[in-house]
4 protein chains.
Amino acid sequence: MIPRYARADMTAIWSAETKFRIWFEIEAHAATALAKLGVIPEHAAKTVWEKGAAAKFDVARIDEIEREVKHDVIAFLTHLSEIVGPEARFVHQGMTSSDVLDTCLAVQMKRAADLLIADVDKLLEAIKTRAFEHKLTPCIGRSHGIHAEPTTFGLKLAGYYAEFTRARARLVTAREEIATCAISGPVGTFASVSPEVEAYVAEQMGLTVEPVSTQVIPRDRHAAFFAALAVVASSLERLAVEIRHLQRTEVLEAEEYFSPGQKGSSAMPHKRNPILSENVTGLARMVRSAVIPALEDVALWHERDISHSSVERYIGPDATITLDFALARMTGLIAKLVVYPEHMLANLNRTHGVVNSQRVMLALTQKGLAREVAYRLVQKNAMRAFNGEGPLLDLLKTDPDVTKALSTTELESLFDLGFHLKNVDTIFARVFG
Amino acid sequence: MIPRYARADMTAIWSAETKFRIWFEIEAHAATALAKLGVIPEHAAKTVWEKGAAAKFDVARIDEIEREVKHDVIAFLTHLSEIVGPEARFVHQGMTSSDVLDTCLAVQMKRAADLLIADVDKLLEAIKTRAFEHKLTPCIGRSHGIHAEPTTFGLKLAGYYAEFTRARARLVTAREEIATCAISGPVGTFASVSPEVEAYVAEQMGLTVEPVSTQVIPRDRHAAFFAALAVVASSLERLAVEIRHLQRTEVLEAEEYFSPGQKGSSAMPHKRNPILSENVTGLARMVRSAVIPALEDVALWHERDISHSSVERYIGPDATITLDFALARMTGLIAKLVVYPEHMLANLNRTHGVVNSQRVMLALTQKGLAREVAYRLVQKNAMRAFNGEGPLLDLLKTDPDVTKALSTTELESLFDLGFHLKNVDTIFARVFG
Amino acid sequence: MIPRYARADMTAIWSAETKFRIWFEIEAHAATALAKLGVIPEHAAKTVWEKGAAAKFDVARIDEIEREVKHDVIAFLTHLSEIVGPEARFVHQGMTSSDVLDTCLAVQMKRAADLLIADVDKLLEAIKTRAFEHKLTPCIGRSHGIHAEPTTFGLKLAGYYAEFTRARARLVTAREEIATCAISGPVGTFASVSPEVEAYVAEQMGLTVEPVSTQVIPRDRHAAFFAALAVVASSLERLAVEIRHLQRTEVLEAEEYFSPGQKGSSAMPHKRNPILSENVTGLARMVRSAVIPALEDVALWHERDISHSSVERYIGPDATITLDFALARMTGLIAKLVVYPEHMLANLNRTHGVVNSQRVMLALTQKGLAREVAYRLVQKNAMRAFNGEGPLLDLLKTDPDVTKALSTTELESLFDLGFHLKNVDTIFARVFG
Amino acid sequence: MIPRYARADMTAIWSAETKFRIWFEIEAHAATALAKLGVIPEHAAKTVWEKGAAAKFDVARIDEIEREVKHDVIAFLTHLSEIVGPEARFVHQGMTSSDVLDTCLAVQMKRAADLLIADVDKLLEAIKTRAFEHKLTPCIGRSHGIHAEPTTFGLKLAGYYAEFTRARARLVTAREEIATCAISGPVGTFASVSPEVEAYVAEQMGLTVEPVSTQVIPRDRHAAFFAALAVVASSLERLAVEIRHLQRTEVLEAEEYFSPGQKGSSAMPHKRNPILSENVTGLARMVRSAVIPALEDVALWHERDISHSSVERYIGPDATITLDFALARMTGLIAKLVVYPEHMLANLNRTHGVVNSQRVMLALTQKGLAREVAYRLVQKNAMRAFNGEGPLLDLLKTDPDVTKALSTTELESLFDLGFHLKNVDTIFARVFG
């Protein structure tokens with residue numbers, strides 16, 4: 001976790017305090033269930049709740065115990081017994097450490113998913129607002145970095161809106177994947193703890209029951225979770241790269257908001273750099289880097305080995321905190337993005353009308369020319385325009401091979417910008433409903 | 001594509017013949033839609049269908065044209081016009097290459113997903129059969145590679161069944177992710193082609209309409225697809241690693257079927273090696289290796305760049321063909337797996353009963369001993385048993401600190417294997433319904 | 001291997017024919033060594049060489065045998081005995097399959113490295129030629145995609161020359177890493193084969209002796225090899241991305257050569273797209289994708305498991321063939337790159353001189369202004385110039401806060417382009433010697 | 001950085017205090033060089049050194065300034081001017097932020113490499129000690145997890161010694177790769193700062209001069225560095241997996257040292273789990289996960305973009321701190337590893353002598369039997385022995401097809417363990433010199 005790329009709410013999910021609180025809740029709910037089943041005395045469960053709910057768990061003290069016993073859950077239980085007193089011996093009955101650890105991780109990942117989904121909702125809102133604002137702001141569409149045909153800036157944003165709608169759905173699925181509870185004992189057989197305890201704790205903690213666990217919750221779930229985050233991060237990268245391109249000096253169709261006190265460079269005071277979107281590009285790489293270790297964690301040995309544990313201590317917090325930060329950063333960036341419609345129009349007109357060449361070609365074929373003939377005819381004039389010999393429309397008007405097929409009026413109609421924007425409403429309806 | 005790791009049906013999806021057939025279908029369906037809209041003559045669409053449906057596309061000829069024009073779709077259209085004649089000029093009206101390429105890729109990936117889902121169904125069936133066969137075959141559960149508590153071989157398999165049920169669901173979601181059709185022109189504005197053409201082609205090809213495309217179908221969809229494959233592959237690896245462990249000389253609880261003609265090693269004729277599961281382990285690495293390039297493909301520049309194309313020429317076939325092969329190989333392996341219940345039992349008894357130590361510890365705490373005291377008491381005896389001083393039960397029977405709390409009868413009941421199997425039915429009901 | 005991204009020489013290294021020829025050479029050299037040691041009859045080794053050297057190994061026949069015995073080396077040896085006759089029984093004495101397989105792979109990877117190094121040499125030559133051609137062609141340097149200060153196109157290329165010099169060194173190191181021979185028997189103890197056989201075969205095959213093997217050559221070597229390839233591929237990507245940027249419509253400082261017959265797009269005849277460099281970008285992703293599986297191959301179980309084998313069947317050919325193709329493609333691209341010095345100059349002047357702002361700021365501080373004061377003074381005028389209020393030089397000349405410190409002559413000297421180019425010779429001397 | 005996987009010395013390299021101290025040294029050395037060149041007054045450089053060397057940089061104060069100016073180097077320079085006074089305006093003359101940032105990173109990575117190399121030296125020492133201790137401790141060699149032929153535990157360790165010798169060499173190369181200094185201005189032209197400044201600072205900081213930089217030091221260097229770390233981590237994983245295998249209950253040939261106070265499991269007091277090596281396995285995954293983002297950082301846009309920066313804030317500390325920790329953990333683990341020679345011998349004898357089958361087969365062929373005949377003869381008896389019908393030697397002694405070719409004495413000599421160990425000295429000489 002890098003403080004500069006971390007926000008408070010997500011970071012709090014992964015704090016030692018939160019973890020021990022969740023551990024307590026799992027143990028205490030289990031105690032309640034065990035008491036209901038008559039396995040432990042009711043007063044024991046009650047005492048655990050009363051003393052534990054009021055207590056603040058002492059992270060330093062637990063760490064100190066762990067240094068001695070070299071086992072984190074035993075250290076916690078020892079500290080819990082310091083708080084609860086003799087009734088603590090009824091806690092954790094028939095359970096194994098992973099019952100607590102894995103269920104806690106599920107709670108943390110679920111909460112993390114909740115925040116990420118809320119982040120995406122805010123980003124969607126920001127994108128939507130700007131998309132409608134620029135629904136009909138014409139700009140050039142580019143393939144291969146080369147001017148293609150006109151589109152609108154709103155349409156660009158509509159594409160991102162649709163993509164982050166999918167991102168949201170992936171996060172919802174990912175949240176479901178990992179929101180399971182396992183309290184099934186050392187090898188998942190419920191030998192010493194009833195499935196009813198698991199069912200009760202699951203319900204109380206907002207989880208579903210893991211159908212079959214093997215001491216641990218199977219790690220394909222976690223891998224699917226981190227894979228979903230990686231796809232979301234890659235979508236963020238696409239948007240970040242778009243902005244970086246639009247802000248290039250030669251393009252300058254949009255620009256990150258540059259606050260008055262901000263300095264762009266120690267050496268070049270005039271520079272306004274797209275550092276936020278560059279930053280998001282780098283953060284996307286980091287979120288993605290969690291995927292491979294998460295996939296490598298799946299093939300644990302037999303009923304479990306503990307190799308996944310260290311991996312998750314890194315990627316659990318890192319991937320979620322980083323993605324949360326990147327989503328929020330992007331939301332602010334989009335909300336405040338400075339858009340230059342006049343630059344968009346100037347760029348659009350830069351290629352002297354050759355972006356309309358496909359229309360001309362189609363019109364020629366509809367007049368009966370073979371596709372190949374039309375293609376070559378338009379290509380010839382387009383190259384001349386592209387090389388600065390004049391606007392394509394003017395060149396076409398004076399090419400007899402063209403004017404044989406198309407009148408001046410017909411030609412002019414083919415250069416009407418509205419032609420390209422006529423289906424914007426349709427697309428917006430598809431995307432925004 | 002490595003022939004030895006490829007099966008015919010999946011390989012066929014990615015052949016040049018299949019690709020050109022799908023291209024034809026997309027173009028021909030588009031022609032039908034264009035004719036309905038009055039954009040091209042009805043007879044043109046009809047001729048395209050009649051001549052094209054009957055024709056066999058000449059891959060070598062198309063390749064030859066491509067070498068000249070350096071553009072695959074133009075090469076195909078040129079060849080199509082050789083087959084269809086002058087009416088071919090009405091084909092591809094207002095469309096761009098990616099309309100064909102991306103929709104074709106969607107069809108191929110959807111068909112690949114269909115096969116993979118069918119593969120998983122067969123694997124599930126094989127696992128289920130063996131799971132019920134060994135529902136109550138006791139074996140030792142292991143954490144950290146160390147004996148933990150008894151479980152059954154059926155329970156192990158039930159875990160894999162549940163995991164591949166999730167794998168199936170992920171593939172179904174992945175299939176939905178990529179089964180979209182885009183026929184929207186050079187920058188996705190439908191400037192020269194009506195959204196109705198896209199809707200018609202989508203329906204005919206069994207796809208849904210891409211809400212907003214930008215010449216290309218957005219690559220977050222493909223990334224999510226390959227990520228899903230990677231998770232499935234990792235689950236295969238887990239199963240493969242389990243078998244490799246069970247077949248170790250010292251463990252030998254199960255063994256890959258070894259056909260009479262097969263030779264295990266050029267040097268050591270006695271060896272029967274788990275080469276199929278080792279092979280699946282390696283193949284899983286390869287399927288996973290598609291994830292990062294697929295994620296890197298997402299951030300295409302502006303309305304598209306073509307960097308994704310070469311990547312997909314590799315990973316499209318490779319990841320699907322490899323996973324198909326690995327799933328089928330694993331299905332055969334599981335179906336024919338030689339299981340040794342007697343070895344399982346022998347291994348189970350190898351640690352002289354210390355696997356029951358948790359039960360003893362719990363029983364002691366229920367008799368009123370502090371958890372810490374019970375823990376140390378059992379640990380001491382367990383260590384002695386583990387070191388070969390005698391079965392744990394015998395040692396406990398002669399330890400006065402133990403016998404103060406537990407009678408001989410009580411102690412003996414704690415070593416009953418049935419105790420560990422009592423919830424097998426419950427878990428099977430959860431998993432198999 | 002994708003034929004369109006494969007060249008003949010590299011592909012041949014990985015053919016079945018080449019592989020069996022190398023296997024033969026290893027076995028035959030081993031036979032010679034065994035004969036020298038008196039382990040097998042001299043005439044046997046002689047016969048093997050005579051009959052084997054003349055023979056063409058029948059790949060289909062070997063495959064047929066392998067389908068029965070399910071073991072590739074045994075299949076080969078069986079076929080060899082069909083060619084050599086009864087003396088073949090002396091072949092492979094005391095050896096194990098991996099002795100042949102791993103030593104062969106070392107030979108193949110070494111040859112692949114030879115080709116890659118030759119590829120890099122050609123690329124270096126192409127870059128060098130263009131670097132000297134454009135040593136003093138001024139263009140704007142950009143950080144964050146934003147104009148920074150002037151540089152030259154030759155300097156840009158010098159940077160790539162230096163980078164590919166490092167790439168070459170990495171390939172040389174990688175070649176050394178994998179060029180080892182192991183003929184040490186089933187667990188590497190030389191129990192049944194003398195270390196002298198290994199030494200002899202190593203020398204004959206142009207390899208060094210593996211100090212300690214465990215049936216297999218340790219896979220950290222191969223991982224280091226593929227990691228080196230991945231770094232080289234990433235350098236290619238950087239160059240590809242540079243060209244893609246320079247070819248953007250708004251920038252157009254350089255352009256991939258566009259042959260007369262080539263078509264850029266089925267829809268937009270005017271487009272000339274940087275498809276080669278986009279292609280190299282994608283290929284770089286693929287070369288990189290070999291790294292993780294290669295790293296995952298390192299931790300084989302005990303003296304070996306065979307999980308690495310399937311991985312290497314993919315990545316051995318794929319990574320080397322793809323990188324070979326990408327290097328050659330880039331070499332042609334650079335050699336023929338169309339450079340537009342006039343566009344470079346036009347872009348350089350686009351920001352009205354603000355790229356000289358650092359110089360002005362420094363001059364002001366040298367006149368005694370505090371850095372912060374100078375910074376703000378220049379920033380204010382730079383912003384005005386950037387917003388089109390006039391060339392920075394003119395604005396500075398009329399700002400009394402500036403003219404108090406700097407005379408008109410001094411200001412004008414700060415806008416001299418030569419200032420930025422004065423160390424080009426020094427850098428070229430460092431890079432090209 | 002996860003505190004539980006971090007050691008003090010490596011962590012200190014990445015602290016804010018260290019970073020600002022290095023920044024100061026770079027700036028101060030540059031000032032000295034600038035003074036020598038007459039660019040700034042000598043007393044200014046002297047003052048900077050005097051006041052700066054004595055000062056403690058206030059991290060909180062710098063952070064506070066950064067929050068306002070949003071630029072880390074400007075924040076530092078501002079704070080420096082608070083310490084140094086008016087002479088601070090001469091600092092950073094003609095330099096750009098990256099000159100400081102990248103050179104500092106080079107210093108930090110070089111120091112990190114120093115520590116890692118020292119770590120590997122300690123690990124080598126530990127492995128060597130145990131290798132000689134167990135040079136002739138026989139144990140079974142295993143391929144595919146199946147018993148193959150005898151080897152010694154010392155030979156296993158010798159293999160790791162050789163591997164970590166290579167690891168060391170890779171780290172030395174990696175250190176060279178990144179130990180360069182760049183002080184070349186905003187686009188690397190030395191327009192405002194002389195190459196002599198760079199040369200002076202490089203020498204003072206123990207670096208070499210970067211031949212050509214582009215504001216930044218090229219990131220192929222950093223990628224090569226992290227790739228080297230990943231290969232080293234994978235070698236650690238191989239050793240960790242070996243230990244985990246050896247500690248399995250059924251194998252138990254070696255065991256991690258288990259301190260008296262340590263608890264293996266909250267539920268099963270008898271368990272001693274190989275948690276250190278499992279932990280190293282997971283840590284290796286994390287070190288590896290830095291490779292892909294590092295490779296993705298290479299293709300920065302034009303003269304630089306800042307997307308690499310966030311990536312390096314994570315992986316710079318994380319990969320080096322984690323690898324340092326894992327190396328040290330492994331060193332302790334190996335030094336204290338509990339080895340059970342008697343279990344090794346028991347396992348060796350477990351397959352009733354079939355591990356000698358290759359020797360028997362060879363002996364038979366040397367007596368004139370065809371390889372295929374010998375193979376089948378041995379295989380038949382080996383299978384019987386493997387299935388428990390008796391020791392292989394006994395079965396062979398009573399098989400007339402065998403005894404026709406080999407006498408009892410000859411057969412017995414083929415089961416002599418010394419046969420497998422005869423080349424241990426040779427291999428040790430190769431590895432340890």
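Colleague: Which residues in helix 3 of chain B meet helix 5 of chain B?
Modeller: Thr47(B), Val48(B), Lys51(B) and Gly52(B) in helix 3 of chain B meet Leu80(B), Ile83(B) and Val84(B) in helix 5 of chain B. Helices are DSSP runs of H or I with at least four residues, strands are E runs of at least two, and both are numbered from the N terminus. Contact means that C-beta atoms, placed from the backbone, lie within 7 Å.

Colleague: Before we go on, what should I know about the model and its numbering?
Modeller: It is a predicted model: local features need pLDDT of at least 70, side-chain atom pairs count only at pLDDT 80 or more, and totals for chains, interfaces and linings use all residues. Residues are numbered from 1 along each chain as its sequence is written, with chains lettered from A and ligands numbered from 1 in the order in which they are written.

Colleague: Back to chain B. At what angle do helix 3 and helix 5 of chain B pack?
Modeller: About 95 degrees, with their axes 9 Å apart. The axes are lines fitted to C-alpha atoms over the stretch in contact, and angles run from 0 to 180 degrees between N-to-C directions. That makes helix 3 of chain B roughly perpendicular to helix 5 of chain B. The cut-offs are under 35 degrees for roughly parallel, over 145 for roughly antiparallel, 65 to 115 for roughly perpendicular, and oblique for the rest.

Colleague: How about chain A: how do helix 4 and helix 5 of chain A cross?
Modeller: Their axes come within 8 Å and cross at roughly 130 degrees. Helix 4 of chain A is therefore oblique to helix 5 of chain A. Among the contact residues are Ile62(A) and Ile65(A) of helix 4 of chain A, and Ala75(A) and Phe76(A) of helix 5 of chain A.

Colleague: New topic. How is chain A divided into domains?
Modeller: Domain 1 is 94-259 + 267-345 and domain 2 is 352-427. Those bounds come from an automatic or database domain assignment. The domain centres, taken over C-alpha atoms, are 44 Å apart. The contact takes 13 residues from domain 1 of chain A and seven residues from domain 2 of chain A.

Colleague: Which element gives the most on the domain 1 side?
Modeller: Strand 2 of chain A, with six residues.

Colleague: Now the chains. How many residues does the contact between chain B and chain A take?
Modeller: 69 residues from chain B and 70 residues from chain A. On the chain B side, helix 9 of chain B gives the most, with 13 residues. That side has 30 nonpolar, 22 polar and 17 charged residues. Here Ala, Val, Leu, Ile, Met, Phe, Trp, Tyr, Cys and Pro count as nonpolar, Asp, Glu, Lys and Arg as charged, and the others, Gly among them, as polar.

Colleague: How many residues does the contact of chain A with chain C take?
Modeller: 35 residues from chain A and 35 residues from chain C. Helix 15 of chain A gives the most to the chain A side, with six residues. By class, that side has 16 nonpolar, 12 polar and seven charged residues.

Methods. Contact = placed C-beta atoms within 7 Å.
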